[in-house]
Amino acid sequence: MKFLSFIRTTSVFLIALHSPLVAQASEEYKTVLYTYEGLPIPKNQNVKIKTLVNTAFAVGYSEDLKNPLWCCYRLGNLKQYDPKVKVDATQQEKDLIEMVKDSSAPNSWERPRRFEIDHRTTSKVKHDDYTSSGYDRGHLAPNSAIGKHYGQMAVLETYFMTNIMPQTKKLNSGPWQAMEQYAREIVSQDDTKDKEIHGVHVITGPIFDQDNLKYIGNTGVAIPSHCYKIFAYRIGYFGTVKAVAFIMPQNINESGNKFEDYYKKYLTSVRKIEEKTGLNFFPDLTTRRQNNLEKPILDFEFKPVAP
């Protein structure tokens, strides 16, 4: 507990500096770890983005907008055999199940009371910049999912202000949260042959109306008009990686509705998100493979959806 208290009062820069992956992993390894086929890059070379690498996710940060423009992270599988049901479970499987239960318990990781300034930036957006603004501090890399996979240090790093974008409460605690939860339930390990899913690459961030930019007071923190999220994964060991993509507006109102009943309204293509953000996703792919991945509009089962 004393160690955690010390972390909370230490600068974000020091937290990042002491992260084992940040200190030791090569840039190539980080790229493979966080995303599929390369980190997003701006199509306009005049757009300046600072890449910030954390234990469990990477962020492309704009000092001009005082917002992250993208965040990449990877979620693996936490669904394991239940030894109570699977009578032939090995001792190794049983030990693994207990370890996952231990590390992924909702309350097993301590969370900061406040969001932290990221001293790797010059803008140094702070927790109080959002206070009484009417906007939530919306996580890009969600603390719960990151904590389940990567542990305490990673949870603390999700509370960097560089992992935050302004979101209305209706969006942040409504469809956005429901989408993340639904994706984790639907896009999880299925041991049925040809349906196996072992990892999901996620890219998420804000979309700004460049013709009508609005800010939180005089803080210089730009307010996005929409938010996007991309899930890239394959179904089956030999399946083709495909993408499920969303754009959701800030003024969304789906209160009382089940996510599975309305989510298809907000499905889009990766290519549409590229048009809206000016980013190039999956830049290491050939043009042909990019087109195959980015043009279709698909649901979570990879079924085509009419635009």
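## Packing of two helices

At what angle do helix α11 and helix α12 pack, and how far apart are their axes? In this predicted model, helix α11, which covers residues 270–277, packs against helix α12, residues 287–294, at an angle of about 100°, and their axes are 7 Å apart. Because angles of 65 to 115 degrees count as roughly perpendicular, α11 is described as roughly perpendicular to α12.

On the α11 side the contact is made by Val270, Arg271 and Glu274, while α12 contributes Gln290, Asn291, Leu293 and Glu294.

## Aromatic pairs and a cluster

The structure holds 16 aromatic pairs. In one of them, the ring centres of Phe259 and Tyr262 lie 5.5 Å apart with their planes at 80°, so the pair is edge-to-face. Both residues belong to helix α10 (residues 259–262), where Phe259 and Tyr262 are three residues apart, about one turn of the helix, and both Phe259 and Tyr262 are buried.

Phe259 and Tyr262 are also members of one aromatic cluster, which is formed together with Tyr182, Phe231, Phe246, Tyr263, Tyr266 and Phe300.

## The surroundings of Tyr159

Tyr159 is located in the loop between α7 (152–157) and β6 (164–167), and with a relative accessibility of 7% Tyr159 counts as buried. Leaving aside residues up to four places away in sequence, Tyr159 touches Arg111, Pro112, Arg114, Phe115, Glu116, His139 and Asn143. Of these, Arg111 is 48 residues from Tyr159 along the chain, yet the C-alpha atoms of Tyr159 and Arg111 are separated by 8.3 Å.

Methods: Residues numbered from 1 in each chain as written. Predicted model: local features only at pLDDT ≥ 70, side-chain atom pairs only at ≥ 80, totals over all residues. Heavy atoms only, no water. Phe/Tyr/Trp six-rings, centres within 6.5 Å; stacked < 30°, edge-to-face > 60°. Helix = DSSP H or I, 4+ residues; strand = E, 2+ residues; numbered from the N terminus. Buried < 20%, exposed > 50% of the residue type's maximum accessible area, 1.4 Å probe, protein only. Contact = heavy atoms within 4.5 Å. Axes fitted to C-alpha atoms, helices over the stretch in contact; angles between N-to-C directions. Parallel < 35°, antiparallel > 145°, perpendicular 65-115°, else oblique.
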